[in-house]
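Subject: Structure handover

Hello,

Here is the structure I said I would pass on. Please look through it first, then read the notes below it.

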Amino acid sequence: MSAIEFDNVGRLFERDGRSFPALDGVDLTVADKEFVALVGPSGCGKTTCLRMAAGFEAPSSGRVLVGGAPVPGPGPDRAVVFQQFALFPWKTVADNVAFGLRNKGMAAPERRDRIAAIIKLMGLDGYETAFPHQLSGGMQQRVAIARAYVLDPQVLLMDEPFGALDAQTRVVMQEELVRIARINPRTVLFITHAVEEAVYLADRVAVMTQRPGRIKEVLDVRAIRAAENWDRHARVEDVMDLESFVHLRTHIWRSLREEKVGGER
Amino acid sequence: MQTSRDWIGTATVASLLALWAVLTMVTGTIDTLRFPSPVQFWQSLKQIATTGYADGTLLSHSLHSLKLVIMGFTVAAAVGIPLGLLMGWSRRAEALINPVFLLVRPIPPLAWIPLAILWLGLGDAAKIMVIFFAAFVPSVINTFTGVRGIEPNVIEAARMLGTGRWRLAREVLVPAAAPMIFTGLRLSLQASWTTLVAAELVGALAGLGRVLNVAQQDIYPAMVMVGMAAVGAWGWATTRVLAVVEARAMPWLAVRA
């Protein structure tokens, strides 16, 4: 059974009394513990896909299933990491991370252990009592990822989580996410418009068309990553220099460029 | 920087006081029958503080006014903040309440005074009612605006984390709207003092407004000024207390600097 399933999903938007399609027949499955990146031209509806999996929006046609069941609404089994972090500025780092666990009614001692472990994993030690605005953007996003990871969710939904970060921080966070994903694999749907990020992080990359968005093609990165042994390189730039990486990246770029031209008529 | 600003402020006030003393007592440019000298002001202050004026001392009048302001303000905040939260959160509640609000809001709070006196007489209840009407509006409107202004992502994050309704209100909506709620409370407090003095001027048995009223009838400008200064001082003091509460209530803003 797949962890996330988009089954012929369409989505209409209303504007000025007229409805126009944002998504048209999206078919995509994410297997258990699989990391799938969704790339596409801006406005193609990739964020809408994620928001439907999260339960913030409902499909106009077709079905969005998580764990085999239709998504009922937002909930802690489908944790979201937002581009703009969306932390609670009035809560400390530890309280931000604890909030979801308190909602679950977890007892304080167990909660403390879980929080301590995730804070260590995310490299947030020493910042437990800081407020979000005292941290850099990269550190704030670590808190947001910790807040999602600590719930031990069925799926993790990441909506351009590194889009608001500067280039250097972004690279560090990509390496961190790979490190954490190896220690603690999760089912991840990852939205990005950065092709290299998608290829570096994902097991599979799904490319979307211009609006109304559909899945244009899905590339299996996992086989190439294993065959070329990308993981022997600790640094993003070393992986990105490999011929197999460049080849994949260029292929996806070309695929997206076709869409851009098509959309500009 | 701060100290040089303080110096300029102190110097300005000192100059004005000196000018006041010179114009009234040395050159006689200002007629002291219309505008009292600093010495007359001081004597009137001593009189009301010790022997009393208008059936009470400065302290008893002040405490009476302060009590009414605190009561009216507290009731207004206790009703206004929850109502603003409800209207901000629920479109249905807003649709229900807003028309009534729009109907009542254009009526200046002071216009309620005659009705309040007819209904409740010259006692405390009428004053509290008028203060309530004045202080209620800014509390509701600013709380409402504060809730409406919350970043949608933050509310989505709370829903994604499985937050129950009560905890959402207490731990997300209230703190997120807190800066606006306190803006509302500051305006409410100001409105409370304004309307209290107005209501006491129209008719009261005790209070700082009554001091002003009696002093006016006695043609006693020095005592009028003492009354004005007392209202100003209490307004300032209560605003300071609210500022301390505000800083304590929002520790995450204190470390921003």
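A contact here means heavy atoms within 4.5 Å of each other. The model is a predicted one. In chain A, residues 24 or more positions apart account for 69% of the contacts with a separation of 6 or more.

Chain A
Nine helices and 10 strands are found in chain A. Its radius of gyration is 19 Å, close to the 18 Å from the globule rule for 265 residues, so chain A is as compact as a globular protein of that length. A box of roughly 55 × 50 × 35 Å, taken along the principal axes, holds the C-alpha atoms of chain A. Buried residues are 53% of the 265 in chain A. The chain exposes about 11700 Å², and carbon and sulfur atoms supply 48% of that area.

Cysteines
How many disulfides does a search of the whole structure find? The count over all chains is zero. A disulfide would need two cysteine sulfur atoms within 2.5 Å. For A:C44, the closest cysteine sulfur is that of A:C49, at 7.5 Å, which is too far for a bond. A:C49 is likewise in no disulfide. Both residues are covered: A:C44 counts as buried at 0% relative accessibility, and A:C49 is buried with a relative accessible area of 1%.

An exposed arginine
Is A:R112 buried or exposed? With a relative accessible area of 56%, A:R112 is exposed. This residue belongs to helix α3 of chain A, which covers residues 108-121. A:A98 is 14 residues from A:R112 along the chain, and 8.2 Å separates their C-alpha atoms.

Chain B
The C-alpha atoms of chain B fill a box of roughly 75 × 55 × 30 Å along the principal axes. Of the 257 residues in chain B, 42% are buried. Residues 24 or more positions apart make up 69% of the chain B contacts with a separation of 6 or more. The accessible surface of chain B is about 14000 Å², and 70% of it belongs to carbon and sulfur atoms. Chain B carries 18 positive and 11 negative side chains, with the centres of the two sets 7 Å apart.

Regards

How values were computed
Residues numbered from 1 in each chain as written. Chains lettered and ligands numbered in written order. Predicted model: local features only at pLDDT ≥ 70, side-chain atom pairs only at ≥ 80, totals over all residues. Heavy atoms only, no water. Helix = DSSP H or I, 4+ residues; strand = E, 2+ residues; numbered from the N terminus. Rg over C-alpha atoms; globule rule 2.2 N^0.38 Å. Buried < 20%, exposed > 50% of the residue type's maximum accessible area, 1.4 Å probe, protein only. Areas by Shrake-Rupley, 256 points an atom, 1.4 Å probe, with all protein chains shown as cover. Lys, Arg positive; Asp, Glu negative; His and termini not counted. Charge placed at Lys NZ, Arg CZ, Asp CG, Glu CD.
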